[in-house]
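Reader: Hi! Could you walk me through this model with me? I'd like to start with charged side chains.

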Amino acid sequence: MKITIVGLKQARPGYTFLYSGATDSCRQCDYYSPCVGSLEDGRVYAVTKVINKELPCILQSGHGKVVEVDESNKEILIDAKLGIPGAIITVDLVPCKRLDCKHRDRCFPLGLMSGDKCKVLKVCDEVTCPLGPRLVGVLVQRELVVS
């Protein structure tokens with residue numbers, strides 16, 4: 001769970017967003033560390049709880065709402081042999097030349113990067129890849145590495 005500030009209209013459980021880094025305005029703000037200091041670039045977050053507190057925010061038309069967020073679970077296509085509920089897998093986003101493939105968004109989901117360790121929460125479906133590999137769609141949760 002992390003704390004951040006979102007716009008008043010976005011302050012609702014289930015709202016998701018892709019965090020793509022702090023702006024110069026954010027870096028100069030007194031609330032930088034508690035707001036975006038713990039968010040990671042390129043990750044997708046979902047609002048889990050709205051806190052009854054508004055704070056000044058230049059990016060949110062003058063003020064925003066404090067919320068709790070967690071990284072969103074993601075669906076990804078993986079090798080069928082690795083699709084075991086409870087398994088910890090390493091994401092390997094293999095380059096693909098099929099830009100028109102209907103499964104592309106599941107092969108390269110927003111918020112996951114090669115090398116991420118993820119726990120398989122659920123096996124969703126089997127998919128036939130036009131290039132041949134046997135794949136399954138799985139719902140995963142990124143495992144946070146503690147150093």
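Author: Happy to. In this predicted model, Asp 24 is exposed, with a relative accessible area of 56%; buried means under 20% relative accessible area, exposed over 50%, and partly exposed in between, with a 1.4 Å probe and protein chains only.

Reader: Which residue forms a salt bridge with Asp 24?

Author: Arg 27 does, and the closest N and O atoms are 3.8 Å apart. The term salt bridge stands for a side-chain nitrogen of Lys or Arg within 4 Å of a carboxyl oxygen of Asp or Glu.

Reader: Where do Arg 27 and Asp 24 lie?

Author: Both lie in helix 1, three residues apart, which is about one turn of the helix. Helices (H or I, at least four residues) and strands (E, at least two) are DSSP runs, numbered from the N terminus.

Reader: Before we go on, what are the ground rules for the numbers?

Author: Residues are numbered from 1 along each chain as its sequence is written, and side-chain values use heavy atoms, with hydrogens and water left out. As the model is predicted, local features need pLDDT of at least 70 and side-chain atom pairs count only at pLDDT 80 or more, while totals for chains, interfaces and linings use all residues.

Reader: Thanks. How many salt bridges does the structure hold?

Author: Nine. One of them joins Asp 100 to Arg 98, with the closest N and O atoms 3.3 Å apart. Asp 100 is exposed at 61% relative accessibility, and Arg 98 is partly exposed at 30%. Glu 126 and Arg 134 form a salt bridge too, with 3.0 Å between the closest N and O atoms; Glu 126 is exposed at 52%.

Reader: And which residues are linked in a network of salt bridges?

Author: Glu 40, Arg 43, Glu 71, Asp 116 and Arg 142.

Reader: What about the residue classes in the lining of the largest pocket?

Author: That lining has 18 nonpolar, two polar and five charged residues. Here Ala, Val, Leu, Ile, Met, Phe, Trp, Tyr, Cys and Pro count as nonpolar, Asp, Glu, Lys and Arg as charged, and the others, Gly among them, as polar.

Reader: And the second largest pocket, which residues lie nearest its centre?

Author: Ile 5, Cys 26, Val 36, Leu 59 and Gln 60, out of 25 lining residues. Elements giving two or more residues to this lining are strand 1 (2-6), strand 2 (16-19), helix 1 (24-27), helix 2 (32-35) and strand 3 (43-57). The pocket holds about 380 Å³ of space, and its lining has 17 nonpolar, eight polar and no charged residues.

Reader: Nice. How many aromatic pairs does a search of the whole structure find?

Author: Two. Tyr 15 and Phe 17 are stacked, at 6.2 Å centre to centre with 25 degrees between the planes. Rings of Phe, Tyr and Trp (its six-membered ring) pair if their centres lie within 6.5 Å, and planes under 30 degrees apart count as stacked, over 60 as edge-to-face and the rest as tilted. Ring pairs link Tyr 15, Phe 17 and Tyr 45 into a cluster.

Reader: Is Phe 17 buried or exposed?

Author: Buried, at 16% relative accessibility, whereas Tyr 15 is partly exposed at 24%. In strand 2, Phe 17 and Tyr 19 make up the covered face, and Thr 16 and Leu 18 the uncovered one.

Reader: How many bridges join strand 2 to strand 3?

Author: Four, and the two strands run antiparallel. Strands pair if DSSP finds at least two bridges between them. Leu 18 has Val 44 as its bridge partner in strand 3.

Technical notes:
On a 1 Å grid over the protein atoms alone, a cavity is a set of points where a 1.4 Å probe fits but cannot get out, and a pocket is an open set with protein on both sides within 12 Å along at least five of seven lines; lining residues have an atom within 4 Å of a point. Grid points are joined across faces, edges and corners, and a volume is the space filled by probe spheres set on the points.
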